[in-house]
Amino acid sequence: MILEAFATSLLHSLWQLTGIGAGAAVLLHAQQCPRRRYATGVVGLSLMAWAPIATTAFLLSQPPGAVGGPGTAVAEASMGWHAWLVGAWTVGVVLTGTQALVELLRIEHLHFTGISAPPDLQARFERLKDRVGAPAMAALRLVPREMSPVAVGFLRPTVLLPAALLARLSPQQLEAVLVHELV
């Protein structure tokens, strides 16, 4: 019964998460303020996390034999694919979670091993923060690794900028990259 409800909620999550994602995309497109865009993204992701949980709880609360609930003839006949679906989902979650953890550890390592930006670049970064309304505590760190620039951190946002970009980009291009990461 639990496996059946979980598999059914996974199927329902396809349309639920698509709807939440589309709604969040429309709201994100309409927002100009970085903090509101961030809040919209957090709310959208939170709803995406809770939708399958709420659906599973709803399905488990249905009496056996209810329309769409556990114990229906359709559910009984399809028990084989329920187990397959939940198993495939579990493998996907484990693999994706492992990859995300490895990337998080890699970024955290770069965050702590990065060096301070030269004073002229730091001053330009501070002016750009003020211009775009970014949090005052946002920091800029140069990293030796070849990668795309990235903004990391929730409580103390930090822009990680590959040091090699300083030599390859014009001042205008560098400002565009920094503004992109700040917004």
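Student: Leaving aside its neighbours within four places in sequence, which residues is Leu128 in contact with?

Tutor: Contact means heavy atoms within 4.5 Å, and by that rule the partners of Leu128 are Glu175, Leu178, Val179 and Leu182. This is a predicted model, in which local features need pLDDT of at least 70 and side-chain atom pairs count only at pLDDT 80 or more, while totals for chains, interfaces and linings use all residues. Residues are numbered from 1 along each chain as its sequence is written, and side-chain values use heavy atoms, with hydrogens and water left out.

Student: How far apart are Leu128 and Glu175 in sequence and in space?

Tutor: They are 47 residues apart in sequence, and their C-alpha atoms are 7.8 Å apart in space.

Student: Why is Leu128 called buried?

Tutor: Buried means under 20% relative accessible area, exposed over 50%, and partly exposed in between, with a 1.4 Å probe and protein chains only. Leu128 has a relative accessible area of 2%, so it is buried. Leu128 lies in helix H5; helices (H or I, at least four residues) and strands (E, at least two) are DSSP runs, numbered from the N terminus.

Student: What makes a set of residues a nonpolar core?

Tutor: Its members are buried Ala, Val, Leu, Ile, Met, Phe, Trp, Tyr or Cys residues, joined through side-chain atoms within 4.5 Å. The largest such core here has 15 residues, and Leu121, Phe125, Leu140, Val159, Leu161, Leu178 and Leu182 touch the most other members. Helix H5 (119-132), strand E2 (139-143), strand E4 (158-162) and helix H7 (171-182) each supply at least two residues. The largest share, four residues, is from H5. A second, separate core has six residues, including Ile107 and Leu160.

Student: Which residues does Leu140 touch, not counting those up to four places away in sequence?

Tutor: Among them are Ile115, Leu121, Phe125, Val159 and Leu178.

Student: How do you know that E2 and E4 pair?

Tutor: Two strands pair if DSSP finds at least two bridges between them. Five bridges join E2 to E4, and the two run parallel.
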